[in-house]
Amino acid sequence: MKALLIIIDGAADRALKSLNRKTPLEVAHKPNIDKLAKDGITGIMDPITPGISVGSDTAHLALLGYDPFKTYTGRGAFEALGAGVELKPGEIAFRTNFATVDENMRVIDRRAGRYIEEAKEFEKIINSISLKDNPDVEIFFKHTVEHRGVLVLRGKGLSRFISDTDPHEIGVRVLESKPLVDTPEAKKTANVINEFTRIIYNLLKDHPLNRSRAKRGLPPANILLLRGAGVLPTIKPLSEKFKIKAACIAGIALVKGVAKAVGMDIINVPGATGGLDTDVLAKVKYAIKALRDYDFVFIHYKGTDAASHDGNVWAKIRMIERIDSAVGYLIERIKLDETYIVITADHATLTEETRNHSGDFVPLLIHGPGVISDDVDMFCERACLKGGLGRIRGLDLMNIIMNYLNKVEKFGE
Ligand SMILES: [Zn+2]
């Protein structure tokens, strides 16, 4: 028995004005997913607990069976793991942006024009930085995509409890990092970050690469903004917890990082962009192959969440419809009597109101051998309210799936 979990990021929503008080999942034409709902069991799920708005990182931890209140150690660690950076216990990882600041360190462009052609050369410069005040701390930087990257501090006596240097808005000065707890480690780490920020600005402000950018009318990439300090979480991997081999297919570093942290293998799929332009079918094709070698395969689609953040209802609906056609391809080609298919969202994203994640519940369906079907014949928030699974927590999902695979150890005798 195998299981395939498909998480459609931010797919759930509220009853929207522009859709005559229906949700995108209700309006989208998705015959394949609805057929799975009809033949399977459905329900609703609170990714963490009712009303708690969650990040994609904490939500995925919960959905993969790990209590985020116990295991979450900052976003930076997952970004680093997802970017393929080896992270050791005690090292501090940050998400970073190349940005443009003026001579007063005021942020002019949080993305330095977004596309940084010279990123690999800047990467070399950053990796050659040695700190004078903190010579025992080593800097490691990896550029990922566009203006983004990951920074890791390697050394003894560091802490993740420090504030961001990224002010998250323009026209404001780069922030000084401050210790968030009263420990020598936090003070030292904030000090390291502030020294690093001074050095990098002095190195890059008049650098020939930036002068050349200026000549071409591009904003200089003269600072690195840091946020989301994190450390490697201490986690018992899925292979030990459930004695399974698990793999993840995702486009975005954050989700790959969470999957890697819980011990999943990462399958990189060409064309998986983590956006609305992702190759939905390629992910499914790789998943079909992976189901031969793995007990549990997880596919993540991000485009729905991205559409909601842009406030674009119809892009969200079209993305759901594209995923549905990929699901149609999938169910024609896998052994449905040997595979459980689970479809859900990691949280709702409100396309019309906040354009951000919310604490609303999400729909859930499980299709597979022996599953007792309910009367629900559509995968959406409203229909799944009547589902046989009732209302569950995200943290229960893996146990429910693993129970179908008969992988859950007995509690007591
Ligand atoms: Zn998400």
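1. Let's start with Asp-57, which is buried but has no salt bridge: Arg-75, the nearest side chain of opposite charge, is 4.5 Å away. Here, buried means under 20% relative accessible area with a 1.4 Å probe, protein chains only. A salt bridge needs a side-chain nitrogen of Lys or Arg within 4 Å of a carboxyl oxygen of Asp or Glu. For charge, Lys and Arg count as positive, Asp and Glu as negative, and His and the chain ends are not counted.

2. Keep in mind that this is a predicted model, where local features need pLDDT of at least 70, side-chain atom pairs count only at pLDDT 80 or more, and totals for chains, interfaces and linings use all residues. Residues are numbered from 1 along each chain as its sequence is written, and side-chain values use heavy atoms, leaving out hydrogens and water.

3. Where is Asp-57 placed? Look in helix α3, residues 56-63; helices are DSSP runs of H or I with at least four residues, strands are runs of E with at least two, and both are numbered from the N terminus. Beyond neighbours within four places in sequence, Asp-57 is in contact (heavy atoms within 4.5 Å) with Tyr-72, Arg-75, Phe-78, Leu-254 and Val-258.

4. Next, Leu-87 lies in the loop between α5 and β3. Why does Leu-87 count as buried? Because its relative accessibility is 7%. Residues up to four places away in sequence aside, Leu-87 touches Ala-77, Ala-80, Leu-81, Ala-93, Val-152 and Leu-232.

Key: Buried < 20%, exposed > 50% of the residue type's maximum accessible area, 1.4 Å probe, protein only.
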